[in-house]
Every structure is written in structure tokens, then in C-alpha cells.
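Dear colleague,

Please find the structure below, handed over for your records. My findings follow it.

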Amino acid sequence: MNKPIDHAEASSEFIAASDHIEFHDRRLWDLRTKRDRATAAIPEWEELRTLASQIKEHTLTHLADYLEQFERQAQANGATVHWARDAAEHNQIVHDIMAARGAKSLVKSKSMLTDECEMRPFLEQRGIEVIETDLGERIQQLDDEPPSHIVVPAVHKLRTDVAEVFARTLGTDPNNSDVHYLAESQRRTTRPSFLSADAGMTGANFAIAETGAVVVCTNEGNADLSVHLPRLYIASIGIEKIIPRTEHLGVFVRMLSRSALGSPITQMTSHFRVPRPGTEMHIVLVDNGRADRLAMADFWYSLKCIRCGACMNTCPVYRRSGGLSYGATYSGPIGAIIDPTYNLRKYSTLPFASTLNGSCTNVCPVRINIHDQLYKWRQVIAERNALPFVKKQAMKMGGKLLASPRLYRIAVEAAGAGVEYLPRIMMYSRANAWGKQREVPAAPAMTFRQWWLKNRGKP
Amino acid sequence: MNTREEMLARMRRSQPAPVALPELPAFAQGGGAAAAGFDAFCEALQRMGGKIAPAPAGGDADAAVRALFPDAKVICSATPEVRGTRTLDPTQSPAALDDVDVGVVRAAFGVAETGSVLLTETELQVEALGFLAQHLVVLLDPAKVVATLHDAYRDPAFAQARYAILMTGPSATADIEGVLIHGAQGIRSLTLLPRAA
Amino acid sequence: MKVALFVPCFIDAFFPDVAVATLELLERFGCEVAYPLDQTCCGQPMANSGCHTDAAGAEALFVRNFAGYDHIVGPSASCIHHVRENLIAIPQTDEVKHVRENAYELVEFLHDVLGVREFPWAEFPHTVGLHNGCAALRALRTASMSELNETPFSKPLTLLSAVKGIRFAMPKRPDECCGFGGTFSVYEEPVSARMGYDKVQDHHGAGAEYIVSADMSCLMHQKGCAERLELPIKFLHIAQVLNGVRE
């Protein structure tokens, strides 16, 4: 449970599947390119980022007040509001709402929060059928694999993989990997579930304190189908999703899909406020570590996240290792700064699965300083003694060597320092890792210092 | 202390020093780079996969819909401008709309920036119509187009309607290998029919 | 102008020509260049691993070497960025603050402090893929970033464009990270190597004969990748090109 995620090992396997990694990298870079084109068309884009960041920071620094306002409004709208301190409480609440009404089947649109809470197995073990309706989430559910990307959950799969999964679970033709056929198969087999489900569930991209509305952005319309057909609607919402007023949606909705996919808006941008007559609406507000994160002076900014996935699309490491290599619900750059709050030891490797290049920070619509937080997490991890022993020793040795001019010169100028011998500072303890896929630099005849003494002879 | 009190107390203890709420600047007040107007709206909607039909000859929307979907067996309209083949019955279970080939609605307004139309339970009559129908025809008054999403969100519908959707073209997905599919779960096509209210 | 030359450890050990070119270039512009003999490293490898206490010794040594100089110039953006922004493992005395505030990367020193634009001794009749390392680009801001809506600019390109005969080839992903990332290059070797392979193949595919950068660490990694791939592409530091190397 606590074993650190071996991201490097997982990435090695990912890279070995050459068709898959080639597609994965190309597809997500394409989303990044589309994002660039969309944002370049908006002269006020950088200003919008600042506004979005400030609105979120304002809300988070007044979070309790806004949640109380949201609750008041939602209750006035006829919704029931529940509070869940953690994942277990969330799952129990959802179960109890359904069980009390004899509800046995649940259709749901995409919600990272419910993945984070591991809600599905909890409900399924208690006899409730849960059907993911987002195409990517459905593929992953049928394949018994977590989603790999928060916006395109099955981006790591090729059509042939999907054909195999659907043939196995839906009875489709295993030899037909035509994408239209596969999508139509999922449409055809999910439709009956929409029509007969006892309950529907969505997450929330935004929750509006001013009106008690729950805002859900999809391209498929599966959130709307999940809500408008069953008589019971449950919305699971992380407390950080609150924004103060409807007018702020002008900022956030303008930014969300442009950042995620490069389109100006998702096809279906839905605002659920009041339950249909004769139906019920339940809202579960979930903490699960968010308030604790709010208290972290260096790391609370990650709560601004609007789950656009732009950081994943731009991250050169994510594109070449895939979301599953991070071993957590939230992967990529945002995952690397959130996950250590859930389990420092298990996710201690994630902040190091980064070159600190900073592209993520640049594409974040709410100006989360992701790469700065990655750097700070590394300090926390080192201080809490959660570095691998071998790396810790290498850093100690490197630190001593580089603090001493004499020891440094011995290491660097050692006689016979040939192509096989790199100074300890470069080799660390994974002595052969450099040379696995790269040539090792040739050692020159003299170091610069030696050249200086020979040619300039003075300090 | 129950969970609610505990959670709120924890938040209040944890909240960092207050950050002021920014005012939304002038560009959010109806200016902005987005060109206003029906033509810009149509361009944006087409880019999102929507179709634009010519304004109905003689204003006969009913005939226009039948001409657009000659093979449709069930046409269900939420607007009196189009008769359709079946009366929309809000007292029935929404699942009864499962066999609707073409749904017809009139949108409250359009948004030029994105090509979106606003629909609420008033325009839809039965919310599920906009999602169970295989195809949707949306009537829109070309004079009722606002420039940007900032303008759209000033509409009182978002505070007053039970349900509001900014719908922008048909249901879509690109979840499998990035291949664009229309009609992922909801409507396979959205056709805009311009007609003054 | 009196300038202290900072030679990052790996340049001292593996690419002394880059330090020589930096020295000669500064002297061509009339700088009186001192080279503190006891310098080793800025502390970045340890600090980037979160090991600040282990970085303290190197950082203190760095300050001892460079105290008393008003301009410290080093041909490495990531090292200079570390000195300016993250040299925090040691008490922040006035001396430390002075060193931190007066450390410059070579390109920004030439472009902003010396303000030079002409290199009449230089000629480089080859096709060059310019690589802006992520520290130079996103930390030191020596060029505009493709993610942002900002007016395009590039200090290294401005300087290189003055070199007679030089031609540029634009790769498909001009500012995607090349994958060196310090200790990342060994601890996340699979992704690091793949990123390096993609980078050099991108430049090669665009027609570059040389990849030129202000960051030798990036080049060391890319060179290692290109050589393993047997790609006919060569690598030079920007100091070498500006100083007049012909090939």
C-alpha cells in the first residue's frame, strides 16, 4: 500500500509499446497545439488567466462562507445537501440515499472525485450496479482499468484495444475496430441503462454559491441523460469546486474547453439547479483532505484546479509514460502535486517524474505554479526522509564532494578518467543508467581549470 | 459536532489570508474580440458540428422540418411553430421520448463566440427531449444573438430556470483514438433553423 | 568591466572548450575576466533533489569564490537560475544576496548588460537548430514561450542572427523539453532518453546540421542520444559559435 510508485519502471513498459506511445504522444501534443490556436485567438487570454486565478484564490480563502451560501441556495431550490469528511463517508452517504429508496442502478457521468473515493467498488459490493456513461470511462470500466487522463480517459488505448474490450464485454465483433462502429455500440448498449436506471449521478465542474447551481461540462450529453431520466439525481462535489457567482462562469467556461481540447466550449454545458417535480436532487459536498491541503502554505494553490487536463497534454513526461504510470487517480503534473497529500511515501516519486521544465505552469488556466510546487515537494520529501536510500546517499556524497575543492578535483582529474568513468556527481548511484540509451561524453585531455592554469597561469 | 460543523470549522482554521474578489473588467461587459451577430454565430456553430438550414420558405417551420427529415417517423416539437407527429406530453415519463427521431425546440438566444444556444425547461418542455431525440432542430431568432459568454451569463435564466444548457452542436466524442464522432450519446445532429420569434 | 567566470562542474570536466569560448568571448568585448580557482558547483544537483542541507556546502563555497565581484557570468541557464532563485540552503547574508543578484547567464549578459549585437569575427555557414533549454526559456526568460500569448522575442536568436552565413531550421516542437532535467536523466532514464531521441530526430528532420544551445547540459544529453542513434548531427554551445568557431 505504501510502496513508492515506480514511475520509471512503468514508463519503460509504456515506451516499449511503440505504436501506443507514438499515438499517445502525438494525440496529446495535438490537443496542446489546438489549445495554443484557441488561446492565441483571444487577446485577453493572459488577463483571463489572472482573473480566474484571483477568483479561485478569493473563493478558497473564504471557502466556508461560500459553501454555506451554496448550501442555503441549494436547499431553497429543493435539493438536499450532505457533507462528507472523507471518501468512506461519501460512499456511505451515496449508498444510503440509494438504499433508502430501493435504488439498485446508477448511471453516471465522469467524476474524478468518485474515482478518488473508490465509490464504484463500494456500491457494487453492496448490490448496486454502476454504469459509467462517458465513452472513455465506460471503456475503462469494462476493461477493469482506471481512467488514464481526466478528460480523455482511454487515450492510451488504440481502436484495436477498444474492439477487444467491447468484444469481450459487450459481444461486439472482435474484428471490427472501426471507431464509428465501436462508439455506436456503446451508444446502443448504454441507452437502455439511461432509460431504466433508478438514479443518475454527475460530478461538478463548478458549483455556484449565488444560485446553488451545479455546472457540468460534457461533449457527449451523458450528464444530461443521467439527470433527466431517473427520478433520483446525486451530485458529488469536491468543496473546492465552488465559485461565487454566475457571472464568473463567463471566465471559467471560456477557459475550460479551450485549455482542454482547443474548442471554445464543450458541446453540452449544463446547469442543474432545481429538481424536476416529483424527483429528488441530492448534493454531497466532499472534503477528503482538501481542507488540510488548504492549510498548506506552499501547496494550497493546487485547489484552484478546474480539471482541464492541459498540464497533462503539454507535459513531455506524461505524454511518454501515460497516466496509469503515476498509479493514482490524478496523474501528470497536477497529480504530482496533489497525490503526495494523500500518501507521501507512496507518491514520493511523482514530483521527481519531471524535468521542472515549467510548461505545465504556463498552460494552466488558473495559474497554478505547478513546477514551483514540484520543486517544493522534493524538499518536503527529502526532509521527511522519503527519498530512496540510494538517492539519499548519492546526494550526501555529491554534496560533500562538491563542497570541497580538493575532493572535487580528485574526482574530476583522476588519472585514467576515461570514457567509462563519469564523476560521481553525474553518475549518482544508477551507474549505468546514463549509458543504457545514450553515449557517454568523452573525457577531454584537460579540465577547464587545468587549461586555465596552463594557459593563463593566474587566478 | 456533526460532519458539517467539523468540516466548516476545519476550513475556517485552514483558510489562508483573504484574497480580494476581482471585478470583471470591461471586456466582460459585452465588448470583447468576438464579433457579434448571426453570421459569426453560424460560423461558430458550424465549426462545432452544427448545421445551418435556410430560413423556412414563407416562414413555414413545420414544412421545413419535414423537408429536412423526410424519413422521420416521430417528430416531437416543444414549440407551437412546428406541429410534428406527436404531441409532447410533459406529464408522461421522459423515457417515452426514446423513439423520437426529430425533436424541435426554439432557443432563447444564441452566443456568437461559441455557436451555443440557450435552452431551459421552458424551451424544452421535457428536458429529455434535447437528448433522447436522434436529431434536434433548433429555431432561433437571428436578432437574438449575444456576443460572448460573458453576455450570455448575464441572462436571468441561470438564476431562475430549473435547468439551463448552453448547447453547441450535436453530442460528440473523440475518446477513441481522437476520431471525432457525432451522436456519442445524445443527438446525432443539431440543425439551426433561423426564424424570427 | 571586471567579470568573474563561473564554470559549471560538468563543463569544467567534460566541455572545457565551452568555458574557453566563453572566456575568449567576454575578453573580446573588453571584459577583464577572473576565474576563482576553488569553484566547484552551484549546488543545483542536490537542491533539485530536495536535498537542501546537502547543497549547503557547495552553495557556501560558491559564495566564497564569487563574493566581491559585481558581475558573475556562467554559460549555463539552469545553474544561474539556481543561484538567483534557489541558493537558500545557506544564511542569507549581504554577501550571499550580492552574489545572487549579480549572477548572469552568458546570453543575457551579452544581450542585456554588455548590449552587444555584432560578432564580426564569427562565421558559421551551416544550418542550425536553436535549442532553448527550459531554464533559459521559462526561468530566465531569454525568449518567448509558445504556451503564452506574448510578443515573440529571442535573445539567443538575436545574437546568433548576426553571425555571417548562419541559417536556421525550425523543428516541429521548438520549445518542448529535451529530457535532461538533471538527475531526471538517470532516475527516469526511459522517458529521458525517449525525449532526447524525439528532440534530436525533430531537429534532424527539420534539416539542422548543428544543434546550438546556451545550455551544455541539454546538449550533452542530446549528443549522447544522437550518437547512439548514429544521427549525423553535431552540437555546439552558443559561446563557441559566437566566438568564431567555424565547425
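A salt bridge is counted here where a side-chain nitrogen of Lys or Arg lies within 4 Å of a carboxyl oxygen of Asp or Glu. Please bear in mind that this is a predicted model. By that rule, 10 salt bridges cross the interface of chain A and chain B. One of the pairs joins A:Arg191 to B:Asp98, with 3.1 Å between the closest N and O atoms. On the side of chain A that touches chain B, helix H10 (residues 179-196) of chain A contributes the most, with 11 residues. Sorted by class, that side of chain A comprises 45 nonpolar, 23 polar and 25 charged residues.

As to the extent of the interface, 93 residues of chain A and 67 residues of chain B take part in the contact. About 6900 Å² is buried between the two chains, and carbon and sulfur atoms supply 60% of that area. Polar contacts between chain A and chain B number 47 residue pairs, with both residues at pLDDT 80 or more.

The chains also pair through strands. Strand E9 (residues 268-272) of chain A and strand E9 (residues 163-167) of chain B run antiparallel and are joined by 5 bridges. Within this pairing, A:Ser270 is placed opposite B:Ile165.

Finally, the domains of chain A. The assignment divides chain A into domain 1 (1-41 + 297-387), domain 2 (44-288) and domain 3 (394-456). The centres of domain 2 and domain 3 of chain A, taken over C-alpha atoms, are 54 Å apart.

With kind regards

Terms used. Residues numbered from 1 in each chain as written. Chains lettered and ligands numbered in written order. Predicted model: local features only at pLDDT ≥ 70, side-chain atom pairs only at ≥ 80, totals over all residues. Heavy atoms only, no water. Contact = heavy atoms within 4.5 Å. Buried area = accessible area lost by both parts, 1.4 Å probe. Polar contact = N/O pair within 3.5 Å; in protein donor to acceptor, adjacent residues only side chain to side chain. Helix = DSSP H or I, 4+ residues; strand = E, 2+ residues; numbered from the N terminus. Nonpolar A, V, L, I, M, F, W, Y, C, P; charged D, E, K, R; others polar. Pairing = 2+ DSSP bridges. Domains from an automatic or database assignment.
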